[in-house]
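Biologist: I am new to this structure, and I would like to learn how to read its features one at a time. Could you take me through them with care?

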Amino acid sequence: MKALFLIFHGFEASNGISKKIFYQLKALEECDIDTHICYYNLNIQGHRKWMIDKEVLSDLGKGFLAKIKKRCYYNSIINYIKNEKISLVYIRSYHNANPFTIHLVKQIKENGAKVIMEIPTYPYDQEYIDKSMILELFIDKLFRKRLANNLNAIVTFSNEKIIFGQRTIRISNGIDFSAIKQKENVNDIQYELHLIGVAEVHYWHGFDRIIKGLGEFYRLNKNGYKVYFHIIGNLTGQREREEILTPLKQNKLEQFVILHGTKHGDELDDMFEQADFAIGSLGRHRSNISNIKTLKNREYAARGIPFIYSEIDDDFEKMPYILKASADDTPIDINKIVEFATTQKYTPFEIRNSIKHLSWKNQMEKVLNQL
């Protein structure tokens with residue numbers, strides 16, 4: 001069986017989304033599916049191209065016309081699917097439902113392939129807070145039910161059985177355990193606690209709730225216990241900068257909230273060795289999401305570190321090493337984190353071992369079995 005993983009954006013080795021896609025590709029190969037990836041590339045010379053793996057499938061040229069063709073000219077992709085006898089096309093949604101993507105899906109199915117589309121986050125309308133993006137969302141709203149109607153199924157990490165009128169295949173975000181190093185040490189936290197939050201920071205991560213909680217903690221705490229919050233990743237927009245930097249400065253927390261920027265590889269592994277407790281998403285309610293199975297929760301568990309989050313994640317709700325926060329905008333009670341962390345009895349190995357069933361291979365097998 002041959003499959004094509006189709007994305008409408010770039011595929012960069014260091015990008016978090018691209019890493020997830022790479023793990024999915026690897027998992028499909030482990031399921032004995034001959035899988036290739038088709039993605040969009042804009043090089044430094046301004047050429048817009050469709051790529052298959054590392055080879056150029058189609059050079060759309062440069063300039064405005066090439067930009068338009070990127071959104072509506074899919075003949076090269078259709079021909080590749082036909083010539084290579086692809087039997088499954090796995091599309092990662094780019095919220096780009098329109099007559100051209102609908103036509104693309106119809107043409108793929110006419111060539112005998114099944115087509116499924118993964119919607120990484122659902123619902124997603126609330127993510128469009130920038131006025132310049134409203135038109136894109138408007139067009140997507142007009143056509144997404146028609147697009148969904150032409151699919152064989154929609155893959156979701158939510159609990160929704162139907163999305164846009166189409167049946168869903170419900171899976172969890174998975175883990176490639178070979179790519180995530182288990183935390184080796186349990187630190188002495190008698191006098192200080194180090195929190196870690198790893199993300200390209202968006203408002204729905206709710207990291208501002210930790211910072212506001214730290215402000216209250218240091219105003220009321222007189223016993224000298226220290227809590228540090230290490231943010232690993234960039235603040236993605238003006239809203240995020242204001243939500244993080246304003247309370248940080250107002251509460252004079254520069255010593256205790258450290259913005260490290262993006263870290264990878266050994267540097268990131270070292271940060272987790274220094275950390276004692278991890279911060280998951282604390283603001284999913286801001287984008288109207290209550291149930292979601294985030295990749296971040298699974299990465300923390302694979303590291304072997306206890307963590308906090310506020311959404312409903314069915315894979316972790318009963319795990320003894322997680323702390324649940326309320327799904328609102330109140331500051332996080334840091335004393336509760338300290339109390340939870342200092343009474344934690346589970347080792348990194350035990351935490352990691354509890355999610356062995358959440359490998360990407362297991363998750364992609366669910367997709368294939370339901371097709």
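Biologist: Which helix or strand elements each supply at least two residues of the lining of the largest cavity?

Modeller: This is a predicted model, and in it β6 and α5 each supply at least two residues of that lining. The most comes from α5, which gives three residues to the lining of the largest cavity. Among the lining residues are M117, I119, D140, R144 and L147, and the list also includes H95, N96 and F164.

Biologist: How much space lies in the largest cavity, and how do its lining residues divide by class?

Modeller: The space in the largest cavity comes to about 60 Å³, and its lining has six nonpolar, three polar and two charged residues. The structure holds three cavities of 30 Å³ or more.

Biologist: What lines the second largest cavity?

Modeller: That lining consists of F8, I91, N96, T101, L104, V105, M117, L147 and L151, around a space of about 50 Å³. Helix α4 provides the largest share of the lining of the second largest cavity, namely three residues. By class, seven of the lining residues are nonpolar and two are polar, while no charged residue is found there.

Biologist: How should I read a pocket, and what does the second largest pocket hold?

Modeller: A pocket is an open set of points, whereas a cavity is one where the probe fits but cannot get out. About 260 Å³ of space lies in the second largest pocket, which is lined by 17 residues. V186, D276, A341, Q344 and Y346 lie nearest the centre of that pocket, and the lining as a whole comprises eight nonpolar, six polar and three charged residues.

Biologist: Where is D53 found, and where is H95 found?

Modeller: D53 is in the loop between β3 (48-52) and β4 (55-61), while H95 is in the loop between β5 (88-92) and α4 (99-110).

Biologist: Is H95 buried or exposed, and why does D53 count as partly exposed?

Modeller: H95 is buried, because its relative accessible area is 16% and buried means under 20%. D53 counts as partly exposed because its relative accessibility is 31%, which falls between the 20% limit and the 50% above which a residue is called exposed. H95 is also one of the residues that line the largest cavity.

Biologist: Which residues are joined by a cis peptide bond?

Modeller: A cis peptide bond joins Y122 and P123, with omega at about -5 degrees. P123 has its place in the loop between β6 (114-119) and α5.

Biologist: Which residues form a nonpolar patch on the surface?

Modeller: The patch is formed by L135, F138, I139 and L142, which together have about 390 Å² of accessible area. I139 lies in helix α5, which covers residues 134-149, and I139 is partly exposed because its relative accessible area is 32%.

Definitions and conventions:
Residues numbered from 1 in each chain as written. Predicted model: local features only at pLDDT ≥ 70, side-chain atom pairs only at ≥ 80, totals over all residues. Heavy atoms only, no water. Patch = residues over 30% accessible without salt bridge, like charges linked within 9 Å, V, L, I, M, F, W, Y side chains within 5 Å. Areas by Shrake-Rupley, 256 points an atom, 1.4 Å probe, with all protein chains shown as cover. Salt bridge = Lys/Arg side-chain N within 4 Å of Asp/Glu carboxyl O. Helix = DSSP H or I, 4+ residues; strand = E, 2+ residues; numbered from the N terminus. Buried < 20%, exposed > 50% of the residue type's maximum accessible area, 1.4 Å probe, protein only. 1 Å grid on protein atoms, 1.4 Å probe; cavity = no way out; pocket = protein on both sides within 12 Å on 5 of 7 lines; lining within 4 Å. Points joined across faces, edges and corners; volume = space filled by probe spheres on them. Nonpolar A, V, L, I, M, F, W, Y, C, P; charged D, E, K, R; others polar.
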